[in-house]
Amino acid sequence: MTELMAGDLRHRLVIEKRTNQVGERGQSFEQWEEIGRCWARITPLYGRELELARQRHESVQVRIVTRRQMALDMDSSYRLVHNGVDTYCVAFTSRGSDDLR
């Protein structure tokens, strides 16, 4: 893996967490709460890398790399928003590791 340079992080992401809320009449509904923003590198997956990723999650299309330590605490109840497009998180790995969680 190559060194991550500041210029590589050119995509601004909003990090949101799914929360359950209770309305005025006691009804439960799902809402997304912004918990932070960070810069990231978004790259499409191609070839062998795409095929390997789709063996675990068939909807995978891109890799998102951030410098934020916050990503290590994320799970599938989070989503990332870039230019109004929602990206749902399916797997996480720490830098230099191929172990997905």
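Reader: What makes β1 and β2 a hairpin, and how many residues sit between them?

Author: In this predicted model, five residues lie between β1 and β2. The two strands, residues 11-22 and 28-44, pair in the antiparallel sense over 12 bridges. Pairing takes at least two bridges, so 12 bridges settle it. In the turn, Gly-26 has a positive phi of about 90°, and along the strands Arg-18 stands opposite Trp-32.

Reader: Why is Arg-41 called buried?

Author: Its relative accessible area is 18%. Buried means under 20%, so Arg-41 qualifies.

Reader: And what makes Asp-8 and Arg-41 a salt bridge?

Author: Nitrogen and oxygen of the two side chains are 3.7 Å apart. The limit is within 4 Å, so the pair counts. Asp-8 sits in the segment before β1 and Arg-41 in β2, 33 residues apart. Asp-8 has 23% relative accessibility, which puts it between 20% and 50%, so it's called partly exposed.

Reader: Why do you say that the pair Arg-63 and Glu-49 ties parts of the chain together?

Author: Their side chains meet in a salt bridge at 2.6 Å, N to O. Arg-63 belongs to strand β3 and Glu-49 to helix α1, residues 47-56, so the link joins parts 14 residues apart in sequence. Arg-63, at 37%, counts as partly exposed, and so does Glu-49, at 34%.

Reader: What about His-82: buried or exposed?

Author: Buried: its relative accessible area is 18%, and the cut-off is under 20%. His-82 is in strand β4, residues 78-82. Leaving aside neighbours within four places in sequence, its contacts are His-11, Arg-12, Leu-13 and Ile-42.

Reader: How many salt bridges does the structure hold, and which residues form a network?

Author: There are six salt bridges. Glu-16, Arg-79 and Asp-86 are linked in a network of them.

Reader: What is the mean pLDDT of the chain?

Author: The mean pLDDT is 80, and 81% of the residues reach 70 or more. Over residues 97-101, though, it's below 50, and this stretch has 14 contacts beyond near neighbours in sequence.

Notes:
Residues numbered from 1 in each chain as written. Heavy atoms only, no water. Helix = DSSP H or I, 4+ residues; strand = E, 2+ residues; numbered from the N terminus. Buried < 20%, exposed > 50% of the residue type's maximum accessible area, 1.4 Å probe, protein only. Contact = heavy atoms within 4.5 Å. pLDDT = per-residue confidence, 0-100.
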